[in-house]
Amino acid sequence: NAGVTQTPKFQVLKTGQSMTLQCAQDMNHEYMSWYRQDPGMGLRLIHYSVGAGITDQGEVPNGYNVSRSTTEDFPLRLLSAAPSQTSVYFCASSPGSPETQYFGPGTRLLVL
Amino acid sequence: SQQGEEDPQALSIQEGENATMNCSYKTSINNLQWYRQNSGRGLVHLILIRSNEREKHSGRLRVTLDTSKKSSSLLITASRAADTASYFCLQGAQKLVFGQGTRLTINP
């Protein structure tokens with residue numbers, strides 16, 4: 001099993017550009033989520049999904065969209081990147097919630 | 001905000017000493033989890049304690065849970081340099097939120 005994979009590992013964007021951060025898991029987990037972590041800070045929940053076709057907002061959803069068309073994939077879309085979105089983004093999955101979360105390695109995003 | 005609070009924010013101890021960090025939360029829980037993060041890398045699950053448990057052990061880790069006080073503590077015994085990391089608690093039902101974390105430094 002590859003576990004939770006995230007691509008890209010690192011990305012530089014200009015203000016106003018859009019992009020999609022990819023997250024995939026091969027463990028048949030129903031629950032998936034996205035967090036952002038700013039330097040020296042904890043993780044804040046952006047969006048989460050309890051199963052295919054079901055998504056909901058977390059603590060800091062503004063500026064981000066998600067969809068869950070399959071169990072395996074949970075992409076995070078930045079609609080119009082802003083410097084405030086410079087952060088490290090972590091995707092996680094689990095069989096259900098609240099259960100042990102399996103984290104991806106993260107995507108480091110820099111918005112200029 | 002549902003986010004819990006952790007204290008201390010930073011802790012520096014000598015190798016071999018015990019380290020204790022605390023997590024408080026605001027809403028009722030089914031369980032509470034602790035994670036470790038080394039230098040901005042991915043998070044590693046340490047232990048999960050259910051709401052009907054009061055104490056749980058895993059190797060040198062001991063977690064307690066007091067649902068009446070809405071708090072949990074993580075004790076690392078006989079600390080090692082490799083324990084240097086940030087430690088976070090995670091709680092919630094479907095909306096899982098982290099505490100702000102404790103940065104632990106183990107000095108040789």
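Is Val12(A) buried or exposed, or partly exposed? Select Val12(A) and take a look: Val12(A) counts as partly exposed, because its relative accessible area is 38% (buried means under 20%, exposed over 50%, and partly exposed is in between, using a 1.4 Å probe and protein chains only).

Some housekeeping before the next stop. You're looking at a predicted model, where local features need pLDDT of at least 70, side-chain atom pairs count only at pLDDT 80 or more, and totals for chains, interfaces and linings use all residues. Residues are numbered from 1 along each chain as its sequence is written, chains are lettered from A in the order in which they are written, and side-chain values use heavy atoms, with hydrogens and water left out.

**Stop 1: around Val12(A)**

Val12(A) sits in strand β2 of chain A, residues 10-13 (strands are DSSP runs of E, at least two residues, numbered from the N terminus).

**Stop 2: a salt-bridge network in chain A**

Select Arg36(A), Asp38(A) and Arg44(A), which are linked in a network of salt bridges (a side-chain nitrogen of Lys or Arg within 4 Å of a carboxyl oxygen of Asp or Glu). From Asp38(A) to Arg36(A), the closest N and O atoms are 2.8 Å apart; from Arg44(A) to Asp38(A), they are 2.7 Å apart. Asp38(A) and Arg36(A) are both buried, while Arg44(A) is partly exposed at 31%.

**Stop 3: a bridge in chain B**

Hop over to Asp83(B) and Arg60(B), a salt bridge with its closest N and O atoms 2.9 Å apart. This pair links distant parts of the chain, 23 residues apart: Asp83(B) is in the loop between β8 and β9, Arg60(B) in the loop between β6 and β7. Asp83(B) is buried, with a relative accessible area of 8%, but Arg60(B) is partly exposed at 22%.

**Stop 4: where the chains meet**

Show both chains. Here 25 residues of chain B are in contact with 23 residues of chain A (heavy atoms within 4.5 Å). How many salt bridges are there between chain B and chain A? The count is zero.

Technical notes: Helices (H or I, at least four residues) and strands (E, at least two) are DSSP runs, numbered from the N terminus.
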